[in-house]
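Work through the exercises below with the structure open. Each task is followed by a solution in steps.

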Amino acid sequence: MVVLGPMALFSRTVLSWNVESHEDINDASLSLFCAIEPKIDVLVVGIGDQTITPAFSRKIIDFMKRYKINVEVLGTEQACATFNFLNAENRVVAAALIPPITMRLTEDDLMQRQISISKTFEVSDK
């Protein structure tokens, strides 16, 4: 599955999230995560590769605290790892993710690319 742009991620569902950037995250954009059933235990917010300020985190935490939902505000790469970990533990978790502007390549990414290139030149006996 490929999803482009900001997304709201649940254990079995992916939705487009109607924000342009971390500056658009407010009470209205977070209300989706307060209205769903079953109630989530943790919301993981990934704000791309923007710098996380205490004031920014505080406004999200204060809003979600009214609904008794724990929040982690992280860069998107860390938010994805945290979401996957909590989801693997069968926690009721959701993620609000904004794609980063830049992507970091890993050794796995480079290896997958090399495998894909080598398969392009394979000749089948069939």
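R58 is partly exposed, at 41% relative accessibility (buried means under 20% relative accessible area, exposed over 50%, partly exposed in between, with a 1.4 Å probe and protein chains only). The model is predicted: local features need pLDDT of at least 70, side-chain atom pairs count only at pLDDT 80 or more, and totals for chains, interfaces and linings use all residues. Residues are numbered from 1 along each chain as its sequence is written, and side-chain values use heavy atoms, with hydrogens and water left out.

**Exercise 1.** The structure holds two salt bridges; describe the one formed by D27.

Step 1. The side chain of D27 pairs with that of R66, at 3.7 Å from N to O.

Step 2. D27 belongs to helix α1 and R66 to the loop between α2 and β4 (70-74), so the pair ties together parts 39 residues apart in sequence.

Step 3. D27 has a relative accessible area of 38% and is partly exposed, whereas R66 is exposed at 56%.

**Exercise 2.** Characterise how α1 and α2 cross, and list the residues that meet.

Step 1. The axes of α1 (residues 27-35) and α2 (residues 54-65) come within 10 Å and cross at roughly 45°. Axes are lines fitted to C-alpha atoms, for helices over the stretch in contact, and angles run from 0 to 180 degrees between N-to-C directions.

Step 2. This angle makes α1 oblique to α2 (under 35 degrees is roughly parallel, over 145 roughly antiparallel, 65 to 115 roughly perpendicular, the rest oblique).

Step 3. On the α1 side, D27, L30, S31, F33 and C34 meet I60, F63 and M64 of α2, contact meaning heavy atoms within 4.5 Å.

**Exercise 3.** Is H22 buried or exposed, and which residues does H22 touch?

Step 1. H22 lies in the loop between β2 (14-16) and α1.

Step 2. With 16% relative accessibility, H22 counts as buried.

Step 3. Leaving aside residues up to four places away in sequence, H22 touches I47, Q50, F56 and I98.

Methods
Helices (H or I, at least four residues) and strands (E, at least two) are DSSP runs, numbered from the N terminus. A salt bridge is a side-chain nitrogen of Lys or Arg within 4 Å of a carboxyl oxygen of Asp or Glu.
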